[in-house]
Amino acid sequence: MSRAPRPVDCDALVIGSGAGGSVAALGLARAGRETVVLEEGPRVTTAEIAASSPAQNLRRLYRHAALAPIHGRPVIAFGEGSCVGGTTVVNGGLLWEPPAGLLDRWADRAGTDGYRRTDLDGHLREITRRLGVAAQQPGDGNRDSRLLAEGAERLGWHWAPARRAAPGCSHANRCPTGCPTGAKQSMLLSYLPAAERHGARVLPRTRVVKLSHRGPTVTEVHAVLPDGEPVTYRPRTVVLAAGPVGSPALLQRSGIHRREAGRRTAFHVNLKVVARFREPVRATRGTIFTAQLQHFQDEGLLVMPANLTPGALAAALSGHDPDTVNTLLAELDRVALFTAQVRVEGGFAVTALPGGLTVLRHRITAADGRLLRSALHRTARLLLAAGATEVHPPFPGPPVRSEAEARRCAEGGSLAHWPLVSVHAMASCPMGAPARGGLCDPLGRPYGFDNLHLCDASVLPGATGISPQGTVMAFAHEITERLLQTT
């Protein structure tokens with residue numbers, strides 16, 4: 001016999017504990033609101049992260065072990081955090097501030113006036129202060145970042161130092177599977193503990209399955225506790241921050257904007273490129289990266305080093321012949337791994353299925369294909385200018401040793417066989433005027449609702465083109481501030 005859900009009354013209920021939900025939790029708790037945070041994933045300490053292998057942390061801290069497929073040609077692997085602190089626990093701690101021009105375009109095109117740079121500057125200063133954001137200095141490693149900068153300068157291309165929320169970084173080279181030293185100021189170590197000091201309660205391994213609503217008001221939030229016991233919360237205010245996939249999926253399951261939520265989710269696509277150099281690089285000694293190529297940012301392309309480990313190198317070369325893989329592994333000290341991040345035009349659709357399943361399907365456009373090919377060509381050209389003796393593309397084929405070979409490599413073959421990944425999704429429930437495709441108002445409320453506020457990457461009006469955490473947090477601060485002024 002199934003158990004009847006246990007009802008729990010609360011003032012403010014936050015669903016999700018990532019970059020958006022944690023900001024909302026702190027703002028609400030600091031204002032004296034009784035705040036409960038529900039997180040589907042576990043709560044893991046820095047000591048537990050340090051004591052576990054990267055493979056163990058990959059399985060524990062990511063949803064689907066970072067291998068959720070975005071179906072299409074090619075299939076794209078999508079990774080997002082599923083733990084207290086969300087993706088901020090497993091990202092690189094990059095905090096780029098949203099360019100004023102981007103926010104102006106969103107305001108003009110989507111109707112998000114009030115979220116321009118002048119409106120968000122105060123929030124960005126608080127984020128920078130609270131997280132200790134600063135330009136990352138190279139340590140003993142990061143020769144791969146220095147080489148990228150040298151190659152860019154030889155070509156006359158602009159690069160910039162990385163801005164990271166990682167004061168005291170010890171260059172442990174484990175950013176994507178959790179910081180083992182606690183230097184990276186994820187939400188787990190920053191905003192959430194501050195929210196708890198103001199009385200917020202964070203409940204891990206608690207999965208929300210549905211929102212019940214009557215007219216414009218969410219009346220109940222149905223969840224499942226770690227032991228399988230159902231529980232029903234009856235909050236005055238609901239902040240939905242389950243992420244760019246989780247938020248629209250929950251809206252669909254709850255019959256809220258079912259036809260619009262998640263149907264066009266913006267995202268960035270990454271392709272990995274391996275370079276071998278004459279001199280030792282010892283890229284395994286550095287942090288995620290300290291320099292980023294931004295010369296083609298307006299076109300949607302960024303290039304940066306990636307964390308190099310034997311496992312990461314083998315994964316990047318998974319389609320190559322064994323001799324190539326073994327040779328590069330044997331010369332690991334002379335090898336570096338780089339990421340080209342592309343802001344694609346085509347999005348992906350989120351579809352919630354019965355049983356809690358979610359299917360993702362992308363619509364990469366012909367223009368996206370041309371941009372991906374250009375990204376590979378430019379990345380290879382950059383690395384050759386940096387002194388690489390050979391560059392290995394992300395798909396099987398001979399190494400590239402000249403600019404002409406780089407162009408032929410990028411232009412040949414079918415994109416259907418490119419091994420692409422994505423770790424940035426957003427704009428699945430965008431803020432903006434309904435006539436311009438907006439699903440939420442300036443308070444993050446889905447149109448037609450009065451006590452439900454979206455407060456995560458899903459509410460951004462479009463793709464940022466940069467690591468989105470800083471933009472998500474700034475929007476979350478503004479949404480929370482407006483929420484508190486009206487309730």
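This is a predicted model: local features need pLDDT of at least 70, side-chain atom pairs count only at pLDDT 80 or more; totals for chains, interfaces and linings use all residues.
Residues are numbered from 1 along each chain as its sequence is written. Local features need pLDDT of at least 70, and side-chain atom pairs count only at pLDDT 80 or more, whereas totals for chains, interfaces and linings use all residues; side-chain values use heavy atoms, with hydrogens and water left out.

Helices (H or I, at least four residues) and strands (E, at least two) are DSSP runs, numbered from the N terminus. Two strands pair if DSSP finds at least two bridges between them. Strand β9 (residues 207-214) pairs with strand β10 (residues 217-224). Their sense is antiparallel, over 7 bridges. Within this pairing, Lys210 has His222 of β10 as its bridge partner. The hairpin of β9 and β10 has 2 residues between the strands. Gly215 in this hairpin takes a positive phi near 60°.

β10 also runs antiparallel to strand β11 (residues 230-240), joined by 4 bridges. Here Val224 has Pro230 of β11 as its bridge partner. β10 and β11 form a hairpin with 5 residues between them. In its turn, Gly228 has a positive phi of about 90°.

Helix α5 covers residues 117-131. The expected span of a helix is 1.5 Å times one less than its number of residues. α5 bends by about 30° at His123. The bend is the angle between axes fitted to the seven residues ending at a residue and the seven starting there. Buried means under 20% relative accessible area, exposed over 50%, and partly exposed in between (1.4 Å probe, protein chains only). The buried residues of α5 are Leu120, His123, Leu124, Glu126, Ile127 and Leu131. Just after α5, Gly132 takes a positive phi of about 65°.

A disulfide is a pair of cysteine sulfur atoms within 2.5 Å. A search of the whole structure finds 0 disulfides. For Cys83, the nearest cysteine sulfur is that of Cys179, 13 Å away. Cys179 is likewise in no disulfide; the nearest cysteine sulfur, that of Cys169, is 6.8 Å away. Cys83 is buried, at 2% relative accessibility. Cys179 is buried too, with a relative accessible area of 16%.

Most residues other than glycine have a negative phi, and most peptide bonds are trans. Ala66, not a glycine, has a positive phi of about 65°. Ala66 lies in the loop between α3 (54-61) and β3 and counts as buried because its relative accessibility is 17%. His171 also has a positive phi, near 60°. His171 sits in the loop between β7 (163-164) and α7 and is buried, with a relative accessible area of 15%. A cis peptide bond joins Arg73 and Pro74, with omega about 5°. Pro74 lies in the loop between β3 (68-71) and β4 (76-78).

Ser318 is placed in the loop between α9 (310-316) and α10 (322-330). At 62% relative accessibility, Ser318 counts as exposed. A polar atom of the Ser318 side chain lies 3.2 Å from the backbone oxygen of Ala315. Ser318 and Val133 are 185 residues apart in sequence and 35 Å apart in space, C-alpha to C-alpha.

How values were computed: A polar contact is a pair of N or O atoms within 3.5 Å; within protein, one must be able to donate a hydrogen and the other to accept it, and residues adjacent in sequence count only if both atoms are side-chain atoms.
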